[in-house]
Amino acid sequence: MPTVNLTSFKRKIKKEKTPLRRFLAKLETRQPKNLEEIKALSDKEVWASLDCLDCANCCKTMSPTYTGEDIRRISKQLGMSQREFREKWLYKDRTGDWINKKQPCQFLDTKTNLCNIYAVRPRDCAGFPHHNLKKMNADYMHMYKQNLEYCPATYRLVISINEKLGY
Ligand code: SF4
Ligand code: SF4
């Protein structure tokens with residue numbers, strides 16, 4: 001049985017994203033002292049029952065940001081020049097970041113949900129959804145608010161924290 005049902009996730013998030021974002025806004029202004037500990041516990045619980053290979057929604061609906069180092073490493077692996085790689089697959093968004101032209105990501109095998117460049121994938125992909133790296137504070141709460149709409153793991157994380165805090 002798959003650990004993620006994207007159809008049901010999309011239906012639920014449509015209804016729940018506004019109250020969940022409101023909850024995160026509340027957390028941003030009134031941070032419990034042990035929030036990061038609670039988050040770590042919830043994060044562990046989330047990954048114990050979720051397999052990204054049942055999902056790949058990030059690769060299907062979002063783009064990683066490619067650093068110069070990512071572009072150098074991946075283009076070398078593909079036997080392309082960095083320029084050829086950028087011209088074929090990427091564009092600069094309004095903030096100047098290099099991101100994918102197309103969705104799903106050109107490197108996703110949509111039958112298996114595997115990444116065709118897994119060993120050299122962008123650092124952004126390797127760290128996504130960044131639960132361990134980005135604190136739930138004013139600097140990064142916007143990331144949780146955004147990602148909960150696309151990532152079932154972040155959605156479950158926020159629900160679990162909410163339940164633990166009893167807000
Ligand atoms: S990181 Fe999130 S969106 Fe990406 S595959 Fe895993 S659960 Fe799905
Ligand atoms: S590079 Fe790989 S991990 Fe990153 S979005 Fe594309 S398919 Fe997903």
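Helices here are DSSP runs of H or I with at least four residues, numbered from the N terminus. By that count, alanine 56 sits in the loop between helix 2 and helix 3. The model is predicted. Its protein chain is split into domain 1 (6–59 + 129–165) and domain 2 (65–126). The C-alpha centres of the two domains are 26 Å apart.

**Surroundings of ligand 1**

- The shell around ligand 1 is made of Leu50, Cys52, Cys55, Ala56, Asn57, Cys58, Phe128, Pro129, Tyr150, Cys151, Pro152 and Ala153.
- By class, this shell has 11 nonpolar residues, one polar residue and no charged residues.
- Helix 3 (57–61) contributes at least two residues to the shell around ligand 1, and so does helix 8.
- Alanine 56 belongs to this shell. Its phi is near 60 degrees, a positive value in a residue other than glycine.
- Phe128 and Pro129 are also among the shell residues. A cis peptide bond joins phenylalanine 128 and proline 129, with omega about 5 degrees.
- Proline 129 is found in the loop between helix 6 (123–127) and helix 7 (141–147).

**Surroundings of ligand 2**

- Around ligand 2 stand Cys59, Pro64, Cys105, Phe107, Leu108, Cys115, Ile117, Arg121, Pro122 and Cys125.
- Nine of these residues are nonpolar, none is polar and one is charged.

**Helix 1 against helix 8**

- Helix 1 (residues 6–29) packs on helix 8 (residues 152–165) at an angle of about 50 degrees. Their axes are 11 Å apart.
- That angle makes helix 1 oblique to helix 8.
- The two helices cross in a left-handed way.
- Helix 1 brings Phe9, Ile13, Leu20, Phe23 and Leu24 to the contact. Helix 8 brings Pro152, Tyr155, Val158 and Asn162.
- Eight residues of this contact are nonpolar, one is polar and none is charged.

**Helix 2 against helix 8**

- Helix 2 (residues 35–48) also packs on helix 8, with an angle of about 130 degrees and axes 9 Å apart.
- Helix 2 and helix 8 are therefore oblique to each other.
- Their crossing is right-handed.
- From helix 2, the contact residues are Ile38, Lys39, Ser42, Asp43, Glu45 and Val46. From helix 8, they are Ala153, Arg156, Leu157, Ser160, Ile161, Lys164 and Leu165.
- This contact holds six nonpolar, two polar and five charged residues.

**Helix 4 against helix 5**

- The axes of helix 4 (residues 68–78) and helix 5 (residues 82–89) come within 9 Å. They cross at roughly 95 degrees.
- Angles of 65 to 115 degrees count as roughly perpendicular. Helix 4 and helix 5 are therefore roughly perpendicular to each other.
- Ile71, Arg72, Ile74, Ser75 and Leu78 of helix 4 meet Gln82, Phe85 and Arg86 of helix 5.
- The contact has four nonpolar, two polar and two charged residues.

**A cis bond between strands**

- Glutamine 103 and proline 104 are joined by a cis peptide bond, with omega about -10 degrees.
- Proline 104 lies in the loop between strand 2 (98–100) and strand 3 (108–109).

How values were computed
Residues are numbered from 1 along each chain as its sequence is written. Chains are lettered from A and ligands numbered from 1 in the order in which they are written. This is a predicted model: local features need pLDDT of at least 70, side-chain atom pairs count only at pLDDT 80 or more; totals for chains, interfaces and linings use all residues. A residue is near a molecule or strand if its C-beta atom, placed from the backbone, lies within 6 Å of it. Ala, Val, Leu, Ile, Met, Phe, Trp, Tyr, Cys and Pro count as nonpolar, Asp, Glu, Lys and Arg as charged, and the others, Gly among them, as polar. Domain bounds come from an automatic or database domain assignment. Axes are lines fitted to C-alpha atoms, for helices over the stretch in contact, and angles run from 0 to 180 degrees between N-to-C directions. Angles under 35 degrees count as roughly parallel, over 145 as roughly antiparallel, 65 to 115 as roughly perpendicular and the rest as oblique. A crossing is left-handed if the near helix is turned anticlockwise from the far one by less than a right angle, and right-handed if clockwise. Two residues are in contact if their C-beta atoms, placed from the backbone, lie within 7 Å.
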